[in-house]
Each structure stands twice: as structure tokens, then as C-alpha cells.
Amino acid sequence: MRFLLFGLILALAALLWWTNPEEEQFTTFVTEEVTERLGNAGADGARAAGGAMGFIAERLGREAGQAIGGALGRAASEEFERSNYLVASTYTLDLNGRASGGEWTFLGIAGQFFPLEQPENLETLIRDLTSRR
């Protein structure tokens, strides 16, 4: 029975090691995440116009936000720290230049990313990064 349990634990550890996300996967994930957030922010800001003009402004706001988000996500994805624990990794993206409170941390495990820590003012930090680029 112990041998079976040990074999299952070993097989699970091997599976997690094999599917531990690489840096390229995190770069893609961060780019998509920032693009989506900025696209939504652009759409939300333009939606206030209302009516037909609001619809057009919403579409343009979403497209502009996604374009800026894509560029920003690619740039930000080059500035992260990875801690590899063989079966999982943590990725920390510092959004405010090493000042406290701007760390966005993810757990990468089994080919997925899960947020562990997110700045309270994430949307503001992303917009600030956009204005600096």
C-alpha cells in the first residue's frame, strides 16, 4: 500500500514538473491580461457617452485600450521575477518601480496562472504605466 501511495505522489510530482509554466507562457498570459483590462477600461470610459455615439466611442475605446495594452503587456512581461520550485513557479511583476504596494504576483502550476497578490490600485498602476510609455 505504501509503495502505491509513493508511486502516486511521484507520478503527481512528475506531472506537475512537466506542466510547470515557462517564462514564455507567462509573457503571453500577462500581455493578454493587461490587454483585456485596458480594453475594458477604454470601453467603460467611452460607454458614458450613451446612444449611438456611445456605442462607437465604446468600440474605439476598447480597440485603443487593447492596442496600448498589448504593447504595455509585452514591455511589462520583460520586467518580472520568476521563482522556480520545480513543480510550480511564482511570477512577480512590479508595476510601480520597486516602491511598496505595486507587486502583482501569480502562481504558475499545471500550465495555469492564478493571482496570489494584486495591488489594490491595479487599474491606476496600469494606466500610469501606459502614460509613461
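Analyst: A nonpolar core is a set of buried residues such as Leu, Val, Phe and Trp that are joined through side-chain atoms within 4.5 Å. In soluble globular proteins, nonpolar side chains tend to be buried together. The model shown here is predicted. Its largest nonpolar core has 13 residues, and those touching the most other members are Phe 26, Phe 29, Val 30, Leu 93 and Trp 104. Two or more residues each come from helix H2 (23-47), strand E2 (89-94) and strand E3 (103-109). The greatest contribution is that of H2, with 5 residues.

User: How is a pair of aromatic rings described, and how many such pairs does the structure hold?

Analyst: The description rests on the distance of the centres and the angle of the planes. This structure holds 11 aromatic pairs. In one of them, the ring centres of Phe 26 and Phe 29 lie 6.3 Å apart with the planes at 35°, so the pair is tilted. These two residues are 3 apart in helix H2, which means that about one helical turn separates them. Ring pairs also join Phe 26 and Phe 29 to a cluster with Phe 80, Tyr 91, Trp 104, Phe 106 and Phe 113.

User: Why does Phe 29 count as buried?

Analyst: Buried means under 20% relative accessible area. Phe 29 qualifies because its relative accessibility is 19%, and Phe 26 is buried at 0%.

User: What is the corresponding reading for Ser 83?

Analyst: Ser 83, in strand E1 (residues 80-84), is partly exposed because its relative accessible area is 30%. Beyond its neighbours within four places in sequence, Ser 83 contacts Ala 88, Ser 89 and Thr 90.

Conventions:
Residues numbered from 1 in each chain as written. Predicted model: local features only at pLDDT ≥ 70, side-chain atom pairs only at ≥ 80, totals over all residues. Heavy atoms only, no water. Buried < 20%, exposed > 50% of the residue type's maximum accessible area, 1.4 Å probe, protein only. Helix = DSSP H or I, 4+ residues; strand = E, 2+ residues; numbered from the N terminus. Contact = heavy atoms within 4.5 Å. Phe/Tyr/Trp six-rings, centres within 6.5 Å; stacked < 30°, edge-to-face > 60°.
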